[in-house]
Amino acid sequence: MKSPQPNANFFVTVKWVALTALLQLALSATSQWLHNVSPDWSSSLWLGSGAALGCVLLGGPWMLLGVYLGLVAYHFLVTASLPTSTALLLPLANIAETSIAWLFLTKVADNFQLWISKQRDIAIFLIASPWIPTLTSALIAQTLLYSAGVIPLSHFECEVVTYALGNAGGIILLTPLMLVWRDIRHFKWLSRKGLQIVGHSLVTAILVATFYLNLPFRGIILIILLPLIVWGVWGNGMKGATLSFFILSFLFVSLRNDYPFRGTNLASQKDPIAGTIQHEDFRTLDLQHLNLETIPRTEEVGLLIFFCITMFPLGLAADTLRASLKKEEWVMNSLDSSLWTWSSVSGYTIDQESISKKIFKETSLFNKKSRTGQMKVLSRDPSLPAYLSHWVITHSSESGEPLEATGLLHCLRLEERAEKAEISAEIAKMEVATIRSRINPHLLFNCLTGLRALVQRNPPRAREFITLLAQFLRTTVDSQLSTLIPIEEELSLCRQYLALECIRGKDVLFKVTVPSKIQAFKIPPMSIQTLVENAVKHGNFTPKKKLWIRLSAKLDADKRLVVSISQPGNLKPRSLDQVSAGMALVRQHLLLVYHHEASLNLREQRKGVVSAILTLPVGGNLV
């Protein structure tokens, strides 16, 4: 059965394509309405281009289909003045514009962030998206309109510039708004920041609408509005900057209405297609090429760019500073630390209130006789850790008396824990050394006992035994220099030991099953060798003094190393508690090295076979 995921993705894509088409239709109609209100201003603002680029950047190349469908619907339902073939081909100009801008920002530009989270993102956006793509779109569109007889050749250059400026203005205004507010569905509007953005935007919109009414006190509104915008951008960050930028752009509609409209009169504009007089018919006015005799104005786009390169960096700076302060606060809280300041006028100010409550108000945090240094500050509660105050005197009087100082209070909890850990580690090292000193004599005693019997029975074999014993003891001593050694070195110790037992007359078959990738894992020295020695001592030999020992190692389901040493024998119930001295030493060694993460157990897995199971955490024990 096929997974339904592809169908789900298909329907999601279709949904967003449809929404993109509706957005294009609505914004194109809005731009048409703006043209009716202020032709000079709207000649440099085509909102659909900004929305198209924003939709494609957020939703992917499939959104180009929605852009095309929305523009086709606009030409047939709103303008209704173009030939059918031109109405179908003209949106391709906007498709080319959006595609080129998308390629520039996502493929050509180096690490452009859709969140516009850095100053370089603003620079990349202003350089890559508004100019070459819109000029390409303008050339294609005006060529199509000229071929259809909509515009004369004498107006071609003027229309190209007007078209390009209009689309560039829409991209500069609307695309950053969409990118920054991409999480609008998850934004917490009832939070402090959300209510602040809503309140500021509402006040700004009211002031802009009041300014549009052309009241006598418009100058006062303008004086109030500009610092309000700057304050809102600084307080609300990049989200507030893009929203304020969008609202403020309508202020220019009001400003442009103060100037006489140059060009033909809207009330008697002649439709270039039908050859009839139109009287402000909303369906027949075409924003991009209606005002043919008007020289394109660039002031509006210049103002857009000016506010873009001032508001957006200010918003980013506010977000960066706010994030830095939050990070600093988080670090200070996690470390139980705080910055503090002191002045001869106001006294001490400790940033973290929780730390301020732990220290006596009368406590001095610095030595006035030393420009910089550190001192220990006790807490109110003797059971709580003390603090260490680092300070520097930043301002002094002419007589050398300190006037201002700043510093850092740092909790000594970690230092106290580290000191206790170091003491515990030293104790553990001494205990490990004690265990090792007990392991080596234990092993040597067993070897000398065997040598004594061999000297009486077979002197030549005794000399061979002494040579092998010297090599074995040298290897054993060298292994004690490290806390952990690879398994392959431990197996070498086991084979040397069994060679000594062979000279003593014991025939031991030692079968090892250890994958090559596990042989590099590290274990405490003498841990396996002691268990092998224990198996030789307690295993059941045949009448011909033969014994088999099987050693295997593997990783269990929890990625722990499991080593099993098996030999023939029987495990009596009392044996679980009364273990040999060698087993006790290995367990104590494991406890000191791994604490409670390692274990050693004796089991009779099947009748007549006893196994010692050694379980160790792998951790970082790879060589």
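Which residues of the largest nonpolar core touch the most other members? Select Leu105, Phe112, Leu225, Phe245, Met311 and Phe312, which hold that place among the 60 residues of this core. A nonpolar core here is a set of buried Ala, Val, Leu, Ile, Met, Phe, Trp, Tyr and Cys residues joined through side-chain atoms within 4.5 Å. Buried means under 20% relative accessible area, exposed over 50%, and partly exposed in between (1.4 Å probe, protein chains only).

Before you go on, two notes. You have a predicted model open, where local features need pLDDT of at least 70, side-chain atom pairs count only at pLDDT 80 or more, and totals for chains, interfaces and linings use all residues. Residues are numbered from 1 along each chain as its sequence is written, and side-chain values use heavy atoms, with hydrogens and water left out.

**Stop 1: the cores**

Stay with the 60-residue core and colour helix H11 (residues 218-257), which supplies the largest share of it, 12 residues. Helices (H or I, at least four residues) and strands (E, at least two) are DSSP runs, numbered from the N terminus. Now zoom in on Phe312: leaving out residues up to four places away in sequence, it touches Ile122, Pro176, Met238, Ala241, Thr242, Phe245 and Phe307. Contact means heavy atoms within 4.5 Å. Next, pick Val514, Leu551, Leu561 and Ile565: they are among the members of a second, separate core of 47 residues. As background, nonpolar side chains in soluble globular proteins tend to be buried together.

**Stop 2: Thr86**

Jump to helix H5 (residues 84-89) and select Thr86. Its relative accessibility is 6%, so it counts as buried. Show its neighbours too: beyond residues up to four places away in sequence, Thr86 touches Pro91, Leu144, Leu145 and Ala148.

**Stop 3: strand S3 and its partners**

Select strand S3, residues 337-343, where 5 of the 7 residues are buried, so the strand is largely enclosed by the rest of the structure. What does S3 pair with in the antiparallel sense over 7 bridges? That is strand S7 (residues 402-411), and you can find Ser337 standing opposite His410 there. Two strands pair if DSSP finds at least two bridges between them. S3 also pairs with strand S4 (residues 347-350), in the antiparallel sense over 4 bridges. Look for Ser343 opposite Gly347, then follow the hairpin of 3 residues that joins S3 to S4.

**Stop 4: the five-stranded sheet**

Now bring up an open sheet of 5 strands, ordered S9-S11-S12-S14-S13 with mixed pairing. Strand S9 (507-513) and strand S13 (599-606) are at the edges; each has a single partner strand, so one side of each is left without a neighbour in the sheet. On average, neighbouring strands of this sheet are turned by 20° against each other, direction ignored.

Trace S9 alongside strand S11 (residues 546-555): the two run parallel and are joined by 7 bridges. For one of the pairs, click Asp507, whose bridge partner in S11 is Lys546.

Helix H16 (residues 487-503) lies across S9, S11 and strand S12 (560-568), running at about 170° to S9. Helix H18 (residues 581-594) packs on the sheet as well, touching S13 and strand S14 (609-617), with its direction at about 130° to that of S13. Axes are lines fitted to C-alpha atoms, for helices over the stretch in contact, and angles run from 0 to 180 degrees between N-to-C directions.

**Stop 5: helix H17**

Select residues 527-538 for helix H17, which has 12 residues and reaches 17 Å from its first C-alpha to its last, close to the 16 Å expected at 1.5 Å a residue. The expected span is 1.5 Å times one less than the number of residues. Is H17 largely enclosed or exposed? It is largely enclosed by the rest of the structure, because 10 of its 12 residues are buried. Among the buried ones are Ser527, Gln529 and Glu533.

**Stop 6: salt bridges**

A salt bridge is a side-chain nitrogen of Lys or Arg within 4 Å of a carboxyl oxygen of Asp or Glu, and by this rule the count comes to 6. Start in helix H12 (residues 299-334), where Arg322 and Asp319 lie 3 residues apart, about one turn of the helix; their side chains meet at 3.4 Å, N to O. Arg322 is partly exposed at 28% relative accessibility, and Asp319 is partly exposed at 24%.

Move on to Glu501 and Lys506, a salt bridge at 3.7 Å, N to O. Glu501 is buried at 5%, whereas Lys506 is partly exposed at 23%.

Finish at Asp556, Asp558 and Arg560, linked in a network of salt bridges. Between Arg560 and Asp558 the closest N and O atoms are 3.9 Å apart. Asp558 is exposed, at 56%, while Arg560 is partly exposed, at 33%.
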